[in-house]
Amino acid sequence: ATDRHISQGGIELESVRWDDAAGILRGVSLGARGVDHNVFIYLPEKHPWQQTDPFLFYDFSGYTLKITEENLLRVHVRFDQGDRVNWELNVKMFFG
C-alpha cells in the first residue's frame with residue numbers, strides 16, 4: 001500500500017514484482033518531481049533487521065528503506081530527479 005492516493009498504489013505504483021530466486025522485491029513508483037510518498041510492505045513473519053551501521057534505515061538514490069514496525073517495512077520514495085523511481089528490497093541482504 002502507499003500513502004499518496006486513496007487507491008493505495010493503484011496510480012503511483014507502475015509495477016511491483018517478486019523475484020523468488022533472488023529474494024528481491026522490485027518496484028517502480030510514479031510521482032511529480034519534488035514530491036515524495038511512502039510504500040508500505042507487509043512482512044508475513046518477523047524478520048531480524050541486519051544492521052551494518054548505527055542507523056535503523058538504509059538510504060539509496062531516490063528511496064530509503066526502514067522497518068517501522070515488527071512486520072512493516074517502509075520505502076520512502078523521493079522524486080528528486082524525475083517522475084519515476086526504481087526501488088528494491090533485497091530480503092537476503094537485509095534479513096539474512
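Modeller: One term before the sheet: two strands pair if DSSP finds at least two bridges between them. Also, this is a predicted model.
Biologist: Okay. In what order do the strands of the open sheet come?
Modeller: The order is β1-β2-β7, three strands with antiparallel pairing.
Biologist: Which strands stand at the edges?
Modeller: β1 (13–19) and β7 do. Each has a single partner strand, so one side of each is left without a neighbour in the sheet.
Biologist: And by how much are neighbouring strands turned against each other?
Modeller: By 10° on average, direction ignored.
Biologist: How many bridges join β2 to β7?
Modeller: Seven, with β2 covering residues 24–30. The two strands run antiparallel.
Biologist: Which residue in β7 stands opposite G27?
Modeller: W87.
Biologist: New topic. Where is N38 found?
Modeller: In strand β3, residues 36–42.
Biologist: Is N38 buried or exposed?
Modeller: Buried. Its relative accessibility is 12%, and buried means under 20%.
Biologist: What does the N38 side chain make a polar contact with?
Modeller: With the side chain of H76, at 2.8 Å.
Biologist: What else does N38 touch?
Modeller: Leaving out residues up to four places away in sequence, N38 touches A1, T2, D3, R74 and V75, as well as H76.
Biologist: Now Q81. Where is its place?
Modeller: In the loop between β6 (72–78) and β7 (84–90).
Biologist: Buried or exposed, that Q81?
Modeller: Exposed, because its relative accessible area is 67% and the cut-off is over 50%.
Biologist: What separation do the C-alpha atoms of Q81 and G34 have?
Modeller: They are separated by 8.0 Å, with the residues 47 apart along the chain.

Terms used
Residues are numbered from 1 along each chain as its sequence is written. This is a predicted model: local features need pLDDT of at least 70, side-chain atom pairs count only at pLDDT 80 or more; totals for chains, interfaces and linings use all residues. Side-chain values use heavy atoms; hydrogens and water are left out. Helices (H or I, at least four residues) and strands (E, at least two) are DSSP runs, numbered from the N terminus. Buried means under 20% relative accessible area, exposed over 50%, partly exposed in between (1.4 Å probe, protein chains only). A polar contact is a pair of N or O atoms within 3.5 Å; within protein, one must be able to donate a hydrogen and the other to accept it, and residues adjacent in sequence count only if both atoms are side-chain atoms. Contact means heavy atoms within 4.5 Å. Axes are lines fitted to C-alpha atoms, for helices over the stretch in contact, and angles run from 0 to 180 degrees between N-to-C directions.
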